[in-house]
Amino acid sequence: PRVMTPADVARQHWDYQVDVAVVGFGGAGAAAAIEARDSGADVLALDRFRGGGSTRISGGIYYAGGGTDIQRQACVEDSPENMYRYLQLEVRDAVSEQTLREFCEQSPENFDWLVAQGVPFEASKCPFKTSYPSNNYYFYYSGNESFPPYSERATPAARGHRAHGKGVSGEDLFTPLRESALRKGVKLLEQHKAVRLFTNDAGRVIGVELKAMQPGTVSGWLHRQLIGLMVFLRYVTIFTPFVNYAMRGCIEVLENRFSVLTRVFVRKSVVISSGGFYFNRNMVRHYAPEFLSGVPLGTIADNGSGIKLGESVGGRTALM
């Protein structure tokens, strides 16, 4: 990070000044931006690409239980305690007990929040176990709830809520969140890559430095087209990593050669929601070597840069 004195802050040209900056505008980033805006903050969301992240290219499944409206419509009985007993066995030590309890207790409320943003769901329950339901079903067992030893620990209950839309439903989950954020007044900067944080001399984060592709330029247009092509070919590039890495290399060349540094002053806080690290082979080798040969799901933004950005100012990670 760049440490700035009050005099540095006063001399620095800031392209934007906001209350909250959200780095990464996928499902988590959109939710954070909406919540900050609803709390009265002036919010700027930043995304290296066009927004959506892994949420947009996912199956659009939201895992919820404890008595959601869809569960009631499908005549599925569930409670936060029942959900907790199942997940405690399923996730083991992946999250703390307190976090897991809060997730279960707040699950119906969080589901209602998604619906309030416009995300469509449907109570058509799939009658058989499947990894992903056809377009005939939008509610199903997405976990191991109906199999021992889980079914011996908790009453089986379907909790896979698929956003209503034909094909792969990730777009149907993300787009309403994006539209809700923009409708509420969140400002969105696409093709802006966060590269560094600013702190004051007390260590508090006060800004973000970005590499911005310029609209109306050939390089900006090429960058946008490559991003679109990667999303279009996502199921091809999953099984041809060399194509993925070649396209990623082209995108990074454009960003390094033709981007313009842009600086954002942040009065209150920076939220980093820019993905995981599966496309950073060194981090996978270090933290999760057993997954090194797996299929690279997610987007090329899942390169660990957001995690490193947080660590650069003292942020502590939990279970990597």
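1. Buried means under 20% relative accessible area, exposed over 50%, and partly exposed in between, with a 1.4 Å probe and protein chains only. R183 is exposed at a relative accessible area of 59%. R183 lies in helix 9 (residues 170-183); helices (H or I, at least four residues) and strands (E, at least two) are DSSP runs numbered from the N terminus.

2. The model is predicted: local features need pLDDT of at least 70, side-chain atom pairs count only at pLDDT 80 or more, and totals for chains, interfaces and linings use all residues. Residues are numbered from 1 along each chain as its sequence is written, and side-chain values use heavy atoms, with hydrogens and water left out.

3. Helix 5 (residues 80-91) packs against helix 6 (residues 97-105) at an angle of about 140°, the axes being 9 Å apart. Axes are lines fitted to C-alpha atoms, for helices over the stretch in contact, and angles run from 0 to 180 degrees between N-to-C directions. Helix 5 is therefore oblique to helix 6 (under 35 degrees is roughly parallel, over 145 roughly antiparallel, 65 to 115 roughly perpendicular, the rest oblique).

4. Contact means heavy atoms within 4.5 Å. Helix 5 contributes P80, E81, M83, Y84, L87, Q88 and V91, and helix 6 contributes E97, L100, R101, F103, C104 and E105. C104 is buried, with a relative accessible area of 1%.

5. A disulfide is a pair of cysteine sulfur atoms within 2.5 Å, and the count comes to zero. The sulfur of C75 is too far for a bond, because the closest cysteine sulfur, in C126, is 16 Å away. C75 is exposed, with a relative accessible area of 69%.
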